[in-house]
Amino acid sequence: MTDAAPALAPPASRRLTPAFLVGAALVGLHVAVGLLTLVWTPYDPAAMTGGRLAPPSLLHWAGTDRLGRDLFTEIMIGARIALAVGSGAVAIAAAIGVTVGLLAAFASRAVDDVLAATLDILIAFPTLLLAMLIVAAGDGANLGTAILAIGIAASAIVARLTRILARRVLAMDYITAARVSGTSWLGIVRIHVLPNIWPTLIVNFALQFGLAVIAEASLSYLGLGAPPPNASWGRLLQEAQATVYTAPFGAIAPGIALVSLVIGLNLFADGLRDVADPTRRRR
Amino acid sequence: MGDLLTIDDLSIRHAGRPLVSGVSLSVTAGERLGLIGESGSGKSLTALAAIGLLPEGMTASGSVRLAGREVIGAADRDVVGLRGTAVATIFQEPLTALDPLMRIGDQIAEVARRRARRDGRSLSRAGVAAEVTALMARVALPDPARLSRAYPHEMSGGQRQRAAIAMALACRPRLLIADEPTTALDVTTQAEVLKLLETLVREENMGLLFISHDLPVVGAAVDRVVVLRAGEMVEEGTVAEVFGRPRHPYTIGLVEAARAFDRAIGAAL
């Protein structure tokens with residue numbers, strides 16, 4: 001009470017901006033819907049439950065497709081697929097990207113130069129093109145290949161970001177201090193480097209998640225994503241394309257679902273940094 | 001009792017250009033040696049070479065013996081064992097010397113735990129906490145229970161430097177290398193930190209290698225000084241000898257400048 005030390009600020013009031021809350025709510029809604037489809041959907045997604053291309057009604061909130069299946073049910077399942085692809089691809093991108101990035105940051109200059117140049121070439125490749133090549137090289141289009149392809153394509157950006165962030169941390173005195181006090185390389189990574197680059201990485205992961213959702217929709221749109229029984233938003237959009245003048249609702253509903261998830265993820269990512277980084281919690 | 005640190009004819013080169021040449025010095029237990037020189041004179045490089053942490057691309061030749069073991073040319077694996085037991089370092093800017101995302105108590109605990117592992121002692125969680133509190137009290141950090149939960153950005157500059165000293169002490173080093181430890185602090189805090197360093201070195205019987213460009217600070221902190229200029233030793237001796245009767249023109253200039261500053265201050269007062 002009486003010492004001259006600067007008073008510690010009152011307990012952290014984390015700065016939750018409205019944008020972050022809106023983002024979290026949108027993402028949360030999609031997650032809830034995706035989980036719900038595991039146990040319940042309004043209709044059997046494969047069953048023909050109404051007239052073909054019926055417009056939205058109380059029975060079919062988003063209308064029906066050209067085979068008379070309930071579009072709202074398919075969009076709900078699409079949320080599950082989008083989230084599965086997003087989290088799978090981000091997990092792969094994180095595992096490969098963070099490992100390669102850290103190796104490059106710690107490597108000698110020659111090895112680092114080679115890795116950095118390789119990453120630059122990979123990044124110069126359009127993500128979608130790279131993913132298409134990987135899908136083509138694999139054994140046909142399925143959900144697993146799509147996840148793997150998008151994850152590998154995104155890992156180059158994560159690796160380059162990790163490398164730059166880790167380099168900056170490694171230049172700090174506390175790293176020298178840790179080395180002087182005998183900390184091993186792995187200890188430095190675990191104790192100092194990862195916690196310090198984490199706030200920036202996690203934001204990038206959230207953004208990559210959004211990009212992966214779009215990439216999956218694009219691959220499915222091109223017929224390279226999950227094959228037909230799976231209701232991917234990209235496939236729904238592609239099927240709606242033929243009837244876009246007679247039944248525009250078929251494109252609008254999956255479009256809204258896709259855009260709302262990606263916007264939600266981007267808003268969520270913006271606010272995430274303030275939550276993840278303790279030095280930014282109070283201002 | 002042998003020397004803690006013996007540097008013999010140390011030269012450091014970068015891309016063929018000599019940065020430090022022919023530096024020799026030694027520190028024994030309980031001895032406080034000052035390394036003086038202007039920016040770029042090679043003071044900090046000499047200290048980095050002493051612990052085998054020269055930046056990539058620089059090569060050292062000559063001999064550096066840390067606790068009786070040769071550092072130059074040794075594999076990093078062999079030197080890691082020496083770091084943190086034979087020697088610990090305090091840096092100029094405590095804000096960058098502390099991990100911004102780790103609570104102070106955790107940072108000190110990390111070092112204490114590692115040191116205990118190396119000694120083959122097993123330390124319980126309560127034991128670590130007790131040691132952290134003791135170390136924080138040792139460097140006169142107020143209210144350890146509260147400050148150990150603080151992040152570096154929540155502390156004052158003096159408190160940060162005290163925390164950095166506590167981390168160095170947690171290594172229980174026999175030699176402390178202090179690289180401009182007071183330069184980033186205001187004058188009153190400087191005096192407190194210097195006094196703390198002096199007390200610790202005396203009571204723990206550590207050796208101290210004190211690097212600074214600030215003559216009055218060095219004069220207060222050490223017994224002997226080595227003066228570096230453009231990577232070469234220009235003078236060496238006790239504080240009284242070197243500051244009282246400087247021989248080299250560069251040292252004379254330095255001492256004159258400090259005197260002129262004192263006189264100006266005196267006149268103003």
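Buried here means under 20% relative accessible area, exposed means over 50%, and partly exposed is what sits in between, with a 1.4 Å probe and protein chains only. These legends describe a predicted model, in which local features need pLDDT of at least 70, side-chain atom pairs count only at pLDDT 80 or more, and totals for chains, interfaces and linings use all residues. Residues are numbered from 1 along each chain as its sequence is written, chains are lettered from A and ligands numbered from 1 in the order in which they are written, and side-chain values use heavy atoms, leaving out hydrogens and water.

**View 1. Chain A has nine helices and zero strands.** Helices (H or I, at least four residues) and strands (E, at least two) are DSSP runs, numbered from the N terminus. Of the 283 residues in chain A, 46% count as buried. The C-alpha atoms of this chain fill a box of roughly 75 × 55 × 30 Å along the principal axes.

**View 2. Leu26(A) sits in helix α1 (residues 18-39) of chain A.** Which residues does Leu26(A) contact, leaving aside its neighbours within four places in sequence? They are Ser260(A) and Gly264(A), where contact means heavy atoms within 4.5 Å. Leu26(A) and Ser260(A) are 234 residues apart in sequence, yet their C-alpha atoms are 6.8 Å apart in space. With 23% relative accessibility, Leu26(A) counts as partly exposed.

**View 3. Over in chain B, four strands make an open, antiparallel sheet in the order β2-β1-β4-β5.** β2 and β5 (69-70) of chain B are at the edges with a single partner strand each, so one side of each has no neighbour in the sheet. Helix α1 (residues 43-50) of chain B packs on the sheet and touches β1, β2 and β4 of chain B, its direction making about 115° with that of β1(B). Such axes are lines fitted to C-alpha atoms, for helices over the stretch in contact, and angles run from 0 to 180 degrees between N-to-C directions.

**View 4. Strands β1 (residues 5-14) and β2 (residues 17-27) of chain B run antiparallel, joined by seven bridges.** Two strands pair if DSSP finds at least two bridges between them. β1(B) and β2(B) form a hairpin with two residues between them, and Ala15(B) in the turn has a positive phi of about 50°. Thr6(B) stands opposite Ser26(B) in β2(B). β1(B) also pairs antiparallel with β4 (residues 58-66) of chain B over eight bridges, and there Leu5(B) faces Leu66(B).

**View 5. Six strands of chain B form an open sheet with mixed pairing, in the order β6-β7-β8-β3-β9-β10.** β6 (87-90) and β10 (232-238) of chain B stand at the edges, each with a single partner strand, so one side of each is left without a neighbour in the sheet. Neighbouring strands here are turned by 15° against each other on average, direction ignored. Within this sheet, β3 (residues 32-36) and β9 (residues 224-229) of chain B pair in the parallel sense over four bridges, with Gly34(B) opposite Val225(B) in β9(B). Helix α11 (residues 249-268) of chain B lies across β3, β9 and β10 of chain B, at about 110° to β9(B).
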